[in-house]
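Colleague: I have a model open on my screen and would like to learn how to read it. Could you walk me through it?

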Amino acid sequence: MDLERQIQLLIDNAPHDGITPNIVAAISPVLSAIAQRLRHSQYYILQNLESEWVLTTLSNRANPGLEKRVIYAFSTIQDVSLIPSAGLDPQIVAKPLPVTHILFQLVALEPVDSIVFLETPGQTTHTVEVQRNELQKLMQQQIKKQQKPKQVPPDIA
């Protein structure tokens with residue numbers, strides 16, 4: 001599915017509250033720009049039976065006190081087995097999701113620091129990490145650009 005269609009699906013499926021579809025449309029250039037840097041239009045995300053995304057905590061080898069919480073996005077279903085703990089739990093399934101939907105969800109995933117996209121099938125060496133706080137900053141900047149400055153009526157006096 002192409003990126004424009006993915007974005008349109010996000011807008012169409014947004015709550016019809018008069019605000020959310022406009023926000024999705026406003027941040028769509030950010031979602032598209034990041035998605036274009038990735039190699040695939042969809043990735044597989046590990047989820048439990050309640051459809052919650054599986055979080056992996058990574059520790060820094062040099063400084064074990066430093067941790068970050070990531071979600072892996074696999075380019076193929078076969079790549080799930082590349083992460084040792086991923087395929088072991090029968091309660092965990094890998095579901096394909098459009099790349100823009102993954103990026104959109106990342107902003108709402110509070111405990112998550114980033115999503116690690118495994119770009120080359122069969123390898124764990126070529127990855128692209130998208131950090132949640134960086135994505136949030138880009139989206140906030142984009143929303144500010146979209147907002148029209150408030151006009152002062154000429155007859156305000």
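**Reading pockets and helix packing**

Modeller: Let's begin with a pocket: strand E2 (56–59), strand E3 (67–74), strand E5 (114–118) and strand E6 (127–131) each supply at least two residues to the lining of the largest pocket. Please keep in mind that this is a predicted model.

Colleague: Happy to start there. How is such a space found, and what volume does the largest pocket have?

Modeller: The general idea is that a probe the size of a water molecule, rolled over the atoms, shows where empty space is left. In this structure, the largest pocket has a volume of about 320 Å³. It is lined by 13 residues, and those closest to its centre are Leu58, Arg61, Lys68, Tyr72 and Val116.

Colleague: Which strand gives the most to the lining of the largest pocket?

Modeller: That is E3, with 3 residues. Sorted by class, the lining of the largest pocket comprises 6 nonpolar, 4 polar and 3 charged residues.

Colleague: And which residues line the second largest pocket?

Modeller: The second largest pocket holds about 150 Å³ of space. Its lining is made of Ile34, Arg37, Val128, Glu129, Val130, Gln131, Glu134, Leu135 and Leu138. Two or more of these residues come from each of H2, E6 and helix H4 (132–146). E6 gives the most, with 4 residues. By class you will find 5 nonpolar, 1 polar and 3 charged residues there.

Colleague: Let me step back to the whole chain. How many helices and strands does the protein have?

Modeller: There are 4 helices and 6 strands. Read from the N terminus, their order is α-α-β-β-β-β-α-β-β-α. Along its principal axes, the C-alpha trace spans about 70 × 40 × 30 Å.

Colleague: Now the helices, please. How should I describe a packed pair?

Modeller: Two packed helices are described by the angle between their axes and by the distance between those axes. Take helix H1 (residues 3–13) and helix H2 (residues 20–37): their axes come within 10 Å and cross at roughly 150°. That angle makes H1 roughly antiparallel to H2, and the crossing of H1 past H2 is right-handed.

Colleague: Which residues make the contact of H1 with H2?

Modeller: On the H1 side, look for Leu3, Ile7, Leu10 and Ile11. On the H2 side, they are Pro21, Val24, Ala25, Ser28, Leu31, Ser32, Ala35 and Gln36. This contact of H1 with H2 has 9 nonpolar and 3 polar residues, with no charged ones.

Colleague: At what angle do H1 and helix H3 (residues 99–108) cross?

Modeller: Their axes cross at roughly 45° and come within 8 Å. H1 and H3 are therefore oblique to each other. Here Leu3, Gln6, Ile7, Leu9 and Leu10 of H1 meet Val99, Thr100, His101 and Phe104 of H3. The residues in this contact of H1 with H3 comprise 6 nonpolar, 3 polar and no charged.

Colleague: One more pair, then. How far apart are the axes of H3 and H4?

Modeller: The axes of H3 and H4 are 9 Å apart, and the two helices pack at an angle of about 100°. That makes H3 roughly perpendicular to H4. Leu103, Leu106 and Val107 of H3 form the contact with Arg132, Leu135, Gln136 and Met139 of H4. By class, the contact of H3 with H4 contains 5 nonpolar, 1 polar and 1 charged residue.

Colleague: I noticed Leu135 in that contact of H3 with H4.

Modeller: Well spotted. Leu135 also belongs to the lining of the second largest pocket.

Terms used. Residues numbered from 1 in each chain as written. Predicted model: local features only at pLDDT ≥ 70, side-chain atom pairs only at ≥ 80, totals over all residues. Heavy atoms only, no water. Axes fitted to C-alpha atoms, helices over the stretch in contact; angles between N-to-C directions. Parallel < 35°, antiparallel > 145°, perpendicular 65-115°, else oblique. Left-handed = near helix turned anticlockwise from the far one by under 90°. Contact = heavy atoms within 4.5 Å. Nonpolar A, V, L, I, M, F, W, Y, C, P; charged D, E, K, R; others polar. 1 Å grid on protein atoms, 1.4 Å probe; cavity = no way out; pocket = protein on both sides within 12 Å on 5 of 7 lines; lining within 4 Å. Points joined across faces, edges and corners; volume = space filled by probe spheres on them.
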